[in-house]
Amino acid sequence: MTCPIDHTGPAPLVLDPFVADLDAESAALRAAGPLVPVVLPGGVGVYAVTHHAEARRLLTDPRVVKDINVWGAWRRGEIPLDWPLIGLANPGRSMLTVDGEEHRRLRTLVAQALTVRRVEKLRSGIEALTTEMLDKLATLPAGEVVDLKAHFAYPLPMNVISELMGVDAAEHPRLKALFEKFFSTQTLPEEVPQMMADLGALFSRIVESKRETPGDDLTSALIAASEDGDHLSTEEITNTLQLMVAAGHETTISLIVNAVVALETHPEQRARVLAGEVPWENVIEETLRWSTPTSHVLIRFATEDIEVGDRILPEGEGLIVSFGALGRDEAQHGESAGEFDVTRTPNRHISFGHGPHVCPGAALSRLEALVALPALYARFPGLGLAVGREELRNKPILTQNDLHDLPVRLSATTV
């Protein structure tokens, strides 16, 4: 497969499929301008919007749509079904892939279930789950190296979103294995079709089980709404379930992990937070900006030529939003945009998106982090990284700013 972009501007920037240095790549994207031709893993050419102001405009521009049939490369048959990122570019019909009235119709029930007020009602359950996980960590031998991601940052959001959507915990190991392949740039092409089929079959089975035995969960609510005349198809319900589970745990994992790394590599700011001088809300918002959980979002398409600064997003081309670059845009966040600063005000980032497709789970993700992080440091104020920052390894995921693991040493003694 070759890059389909034919342009006379700057040379395309090839995105690293191994994500060895996301910060450097994001800086290179910003420096290249507000609209940059890039080559995705697998040789697929698209454009990236890399500056905050231009991203805000494009995310509300009705000429930028989610319909993959607008994509010229797709229509020309240049995007094979075994492309490792096909599930992110063409995840099936759901609120993620439609626009306008159809988008509002599909999003309404999910948005109603995830209002700030309704999410707040989940707090007690999140607090109880957090306490349970910290109790387990407290039984480990003092000074032992622990993968905080595997034992805390992953299971917390996975259990929360599963309960919300009605997914049995017995499905978690299979889901973890399938999502590893779904998000990875390193999934072999010959494995992609089977992985996509397996994910579809798993979520279809969950939907059918909820149809037979409804529960107090969002999947059952979507099914009931369909039966009451909202005309949600089985495909739409199944794809919405998959979307919510995938996005509902991956983003929060990264938020918790990245916040811990940021605090542990900025000890003066960590001390101020633990002393109560700076609220935890500030830590969460600065982490979302400075080390955003979502590095790139695939994919939108231009229905006509669109001016972006002094450049043109051509009709029929694909567009990704490079949130990793946006978060450190000096035009938006000032000369200190590259620095982690928990006292930053104002902090007007768009790390959960902007416009009609803004993440419906933003309030839930913030709440989980706001419960998890203070509780973690209250129990283990002497927590510290067990390796140097340079030894932490990024996962080969284009869309998530995620680590393979987060080795720490836990201590109840204040450092």
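In this predicted model, the buried residues of helix H2 (residues 52–59) are His52, Glu54, Ala55, Leu58 and Leu59. Seen down the axis of H2, these buried residues fall within an arc of 160°, so they line one face of the helix. Helix H2 packs on a sheet, where it touches S3, S4, S6 and S9. The direction of H2 makes about 110° with that of S3. The points below treat the sheet, its strands, the helices and the nonpolar cores in turn.

**The sheet as a whole**

- The sheet is open and has 6 strands, in the order S1-S2-S3-S9-S6-S4, with mixed pairing.
- Strand S1 (13–14) and strand S4 stand at the edges with a single partner strand each, so one side of each is left without a neighbour in the sheet.

**Strands S2 and S3**

- Strand S2 (residues 35–40) pairs with strand S3 (residues 44–49) in the antiparallel sense, over 6 bridges.
- Within this pair, Leu35 stands opposite Val49 in S3.
- S2 and S3 form a hairpin with 3 residues between them, and Gly42 in the turn has a positive phi of about 95°.
- Strand S3 is mostly covered, with 6 of its 6 residues buried.
- Both faces of S3 are covered: Val44, Val46 and Ala48 are buried on one side, and Gly45, Tyr47 and Val49 are buried on the other.

- The bridge partner of Tyr47 in S9 is Leu319.
- Strand S9 (residues 318–321) runs antiparallel to S6, and 3 bridges join the two.
- Leu319 in S9 is also the bridge partner of Arg300.
- Strand S6 (residues 297–302) is mostly covered, with 5 of its 6 residues buried.
- Strand S4 (residues 64–65) pairs with S6 in the antiparallel sense over 2 bridges.
- In S6, Phe301 is the bridge partner of Val65.

**Helix H1**

- The buried residues of helix H1 (residues 22–31) are Leu22, Glu25, Ser26, Leu29 and Arg30.
- Seen down the axis of H1, they fall within an arc of 140°, so they line one face of the helix.
- The elements that cover these buried residues include S1, S2 and helix H16 (323–326).
- Just after H1, Gly33 takes a positive phi of about 120°.

**Helices H7 and H18**

- Two packed helices are described by the angle between their axes and the distance between the axes.
- The axes of helix H7 (residues 123–138) and H18 come within 10 Å and cross at roughly 35°.
- H7 passes H18 in a right-handed crossing.
- Residues of H7 that take part in the meeting of the two helices include Arg123, Ile126, Thr130 and Leu134.
- On the H18 side, the residues include Leu364, Leu367, Val371 and Leu376.

**Nonpolar cores**

- In soluble globular proteins, nonpolar side chains tend to be buried together.
- The largest nonpolar core in this model has 110 residues, and those with the most contacts inside it are Val38, Leu40 and Trp71.
- Helix H13 (residues 234–264) gives the most to this core, with 15 residues.
- A second, separate core has 16 residues, among them Leu35, Val49, Leu59 and Ile306.
- Apart from residues up to four places away in sequence, Leu40 touches Leu15, Val46, Trp83, Leu85, Leu298, Ile320 and Leu398.

- Thr238 is found in helix H13.
- This residue, Thr238, has a relative accessible area of 8%, and a residue counts as buried under 20%, so Thr238 is buried.
- Not counting residues up to four places away in sequence, Thr238 touches Gly200, Phe203, Ser204 and Val207.
- Leu383 is found in the loop between helix H18 (362–379) and strand S10 (384–385).
- Leu383 is likewise buried, with a relative accessible area of 1%.
- Leaving aside neighbours within four places in sequence, the contacts of Leu383 include Leu148, Val260, Leu376, Tyr377 and Leu410.
- The C-alpha atoms of Leu383 and Leu188 are separated by 38 Å, and these residues lie 195 residues apart along the chain.

Note on methods
Residues are numbered from 1 along each chain as its sequence is written. This is a predicted model: local features need pLDDT of at least 70, side-chain atom pairs count only at pLDDT 80 or more; totals for chains, interfaces and linings use all residues. Side-chain values use heavy atoms; hydrogens and water are left out. Buried means under 20% relative accessible area, exposed over 50%, partly exposed in between (1.4 Å probe, protein chains only). Helices (H or I, at least four residues) and strands (E, at least two) are DSSP runs, numbered from the N terminus. Two strands pair if DSSP finds at least two bridges between them. A nonpolar core is a set of buried Ala, Val, Leu, Ile, Met, Phe, Trp, Tyr and Cys residues joined through side-chain atoms within 4.5 Å. Contact means heavy atoms within 4.5 Å. Axes are lines fitted to C-alpha atoms, for helices over the stretch in contact, and angles run from 0 to 180 degrees between N-to-C directions. The arc is that of the directions from the helix axis to the C-beta atoms. A crossing is left-handed if the near helix is turned anticlockwise from the far one by less than a right angle, and right-handed if clockwise.
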